[in-house]
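Have the viewer open and follow along.

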Amino acid sequence: MRTFSSLLFCCLTPLLLAKVCWKSCKEESKTEQVLQNLDIAGCHRRSTYPEYEDFLCEGNLGPPCTAVSGDTININMRFVNPGVANLTQSAGYLVTSFIELPWPGMDRDGCKYLDRGSGCGNKEERLSEFSMPVFIESIYPQGKYDLKYQLFEKLEDGREEELVCALFTLRIV
């Protein structure tokens, strides 16, 4: 019985840790090789008891990250960092598959959230952690939003090269 309990715990633990359903923006993209993990800490989940609710993710299909106005959520990523010198970020609300609006209030400077603020400038390829708090402003209307979140390396000539692009759903209540 003890062996069965240990086995069940080991099998279910990864499912309990996956708090957000996400997928790469494009199939066969760089993101699939670079992004190791994406999680949003601070999401609320609501059960639909007594009905059955499937909390497993299939890409970005599954229960959304639910946040309450006034909450702070944290976007956490682990990714293979090729040695970026300058990191910027972007979040957009997808109105349709080809029209997106910028998400208001997002800090574009990604360096302060990379490897606890010390990640930019280290030119060595490594596994990096990105953690950024996002305050859910009261001006954000309640609703369900399909978000496109991107990390870019800002090159010396001013161009931006996409490192990560992920789609996930945020619901504000």
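## Cys111 and Cys120

Cys111 and Cys120 are joined by a disulfide, with 2.0 Å from S to S; the term stands for a pair of cysteine sulfur atoms within 2.5 Å. The S-S torsion here is about -90 degrees, so this disulfide is left-handed.

Cys111 is buried at 15% relative accessible area, while Cys120 comes in at 23% and counts as partly exposed. (Buried is under 20% relative accessible area, exposed over 50%, partly exposed in between, using a 1.4 Å probe and protein chains only.)

## Where the numbers come from

This is a predicted model, where local features need pLDDT of at least 70, side-chain atom pairs count only at pLDDT 80 or more, and totals for chains, interfaces and linings use all residues. Residues are numbered from 1 along each chain as its sequence is written, and side-chain values use heavy atoms, with hydrogens and water left out.

## Cys25 and Cys165

Searching the whole structure turns up 3 disulfides. One of them pairs Cys25 with Cys165, sulfurs 1.9 Å apart. It ties together distant parts of the chain, 140 residues apart: Cys25 lies in the loop between strand 1 (22-24) and helix 2 (30-34), and Cys165 in strand 9 (residues 160-172). Helices (H or I, at least four residues) and strands (E, at least two) are DSSP runs numbered from the N terminus.

Cys165 is buried at 1%, whereas Cys25, at 22%, is partly exposed.

## Cys43 and Cys65

Cys43 and Cys65 also form a disulfide, 2.0 Å from S to S. With -100 degrees about the S-S bond, this link is left-handed. Cys65 is buried at 0% relative accessible area, and Cys43 is buried at 16%.
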